[in-house]
Amino acid sequence: MSAIDHIRRYQEELVALRHDLHQHPELGMEEHRTAEIVATLLESWGITVHRGVGKTGVVGVLTSGNGHRAIGLRADMDALPLTELTDLPFKSTVPGKMHACGHDGHTTMLLGAARYLAETRNFDGTVTFIFQPGEEGCGGALAMLEDGLFDRFPCDAIFGMHNRPGMPVGRYGIGAGSFAAGGAFFDITVSGKGAHGARPEMSVDPVLAACHIATALQSIVARNVNPREAAVVSVTKVTGGDAYNVIPQTASLAGTARFFAREVSEQIEAGIRRVAEGVAAGLGATATVDYRLIFAPTVNDAALTTAYADAAAELVGEAAVERDTAPGMGSEDFSFMMEKVPGAYIHLGNGDGFSPHHPGYAFNDDAIPFGAALYARLVEREAPKGKG
């Protein structure tokens, strides 16, 4: 019996679990209920459980045979601060919180793989199931690393996955090298001199300076970053003032940068500081910049990428596996773990529907066996029984 067929035997249980997680979303680093459900299920299958890794993270460890190969499998657990706009019978019951990125599905798929591996034991080595909190810009991966994740649970290789709307269920996409962009958030505070809106000559207008800074920031990618490098600088928030007839004392901008190399991130940061401070000074104001690396670039190890794709092809056939998927500008903080241990990250088809982070997004339950079985088959290939 194939891994997919085995897991489909308890598909209804996995779907019910996923629906329960969807109804009770928890934001990053607050996944107490989710973590306890994960831990309890792992324990019920005979897997050794470690709670509270990186605050609300859970790690399960399963050993079979005498093999020394150690494989890490990771899923994220957190939801988003978003009001759900679907008509699903199991829609979020928590106002202003929603699983709009499919992390409820990711958690369910890894649990499905854990149950399968605990039942079959068709591998020789150790599997570490990593249920990570706070992926959505909350620093969950770093929190687990700072809590000694790979010192306490050594891994030779680690693997993660993410659902992909627009890709048919039963298909996979992966590529070696840079696969997802690194990401940074920035805040710029512009300080000037407030005055009456009718007496602008008495002011140093921070709103005017902020607007000029927002425009000038677009020159960084256009004129400072090598054209062979992909990069994005987006101002996503501009605030200043509270009244129609008052020029405020301060104004602020915020946004994000995306890149495929840490060196480009450093270049962007230097450019933001130079532009913000220079433009503000030219208009008589001052500017301070807070630039924070939130996600490292996700870089797939070439050999492990091939292994992942080969495992997927065994499940669904070579025609359903795209091995040279183009990198995307979205970010994933699993990347911080992959900077410590070689790994690979794959896209899993989610069928038609809204993109992640949309209030109408819906994870496709039909994808659950394909994600769970891929994790399981990967372990069987990477730590084959009888070859410890």
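Buried means under 20% relative accessible area. The model is predicted.

**Exercise 1. Decide how helix α12 sits in the structure, and check its length.**

Step 1. Count the buried residues: 13 of the 15 residues of α12 are buried.
Step 2. Draw the conclusion. Helix α12 is therefore largely enclosed by the rest of the structure.
Step 3. Check the length. From first C-alpha to last, α12 reaches 21 Å. That is close to the 21 Å expected at 1.5 Å a residue.

**Exercise 2. Find which face of helix α9 is buried and what packs against it.**

Step 1. Check the helix. Helix α9 covers residues 262–282, and its 21 residues should span 30 Å at 1.5 Å a residue. The end C-alpha atoms are 30 Å apart, which agrees.
Step 2. List the buried residues of α9. They are Val 264, Ser 265, Ile 268, Gly 271, Ile 272, Val 275, Ala 276 and Ala 280.
Step 3. Look down the axis. The buried residues of α9 fall within an arc of 135 degrees, so they line one face of the helix.
Step 4. Recall the general rule. An α-helix has 3.6 residues a turn, so residues three or four places apart point the same way.
Step 5. Turn to the other side of α9. Here Glu 263, Glu 266, Ala 281 and Gly 282 are exposed.
Step 6. Name the partners. The buried residues of α9 pack against β8, α7, α8, β10, β12 and β13.
Step 7. Step past the end. Just after α9, Gly 284 has a positive phi of about 85 degrees.

**Exercise 3. Say what the salt bridge between Asp 187 and Arg 292 ties together, and whether its residues are buried or partly exposed.**

Step 1. Take the distance. The closest N and O atoms of Asp 187 and Arg 292 are 2.9 Å apart.
Step 2. Place the residues. Asp 187 lies in strand β8 and Arg 292 in strand β13, so the pair ties together parts 105 residues apart in sequence.
Step 3. Read the accessibility. Asp 187 is partly exposed at 28%, and Arg 292 is partly exposed at 30%.

**Exercise 4. Describe the salt bridge between Arg 18 and Asp 365.**

Step 1. Take the distance. The side chains of Arg 18 and Asp 365 meet at 2.9 Å, N to O.
Step 2. Place the residues. Arg 18 is in helix α2, while Asp 365 is in the loop between β16 and α12. The pair links distant parts of the chain, 347 residues apart.
Step 3. Apply the cut-off. Arg 18 has 1% relative accessibility and counts as buried. Asp 365 is also buried, at 15%.

How values were computed: Residues numbered from 1 in each chain as written. Predicted model: local features only at pLDDT ≥ 70, side-chain atom pairs only at ≥ 80, totals over all residues. Heavy atoms only, no water. Salt bridge = Lys/Arg side-chain N within 4 Å of Asp/Glu carboxyl O. Helix = DSSP H or I, 4+ residues; strand = E, 2+ residues; numbered from the N terminus. Buried < 20%, exposed > 50% of the residue type's maximum accessible area, 1.4 Å probe, protein only. Expected span 1.5 Å × (residues − 1). Arc of directions from axis to C-beta. Contact = heavy atoms within 4.5 Å.
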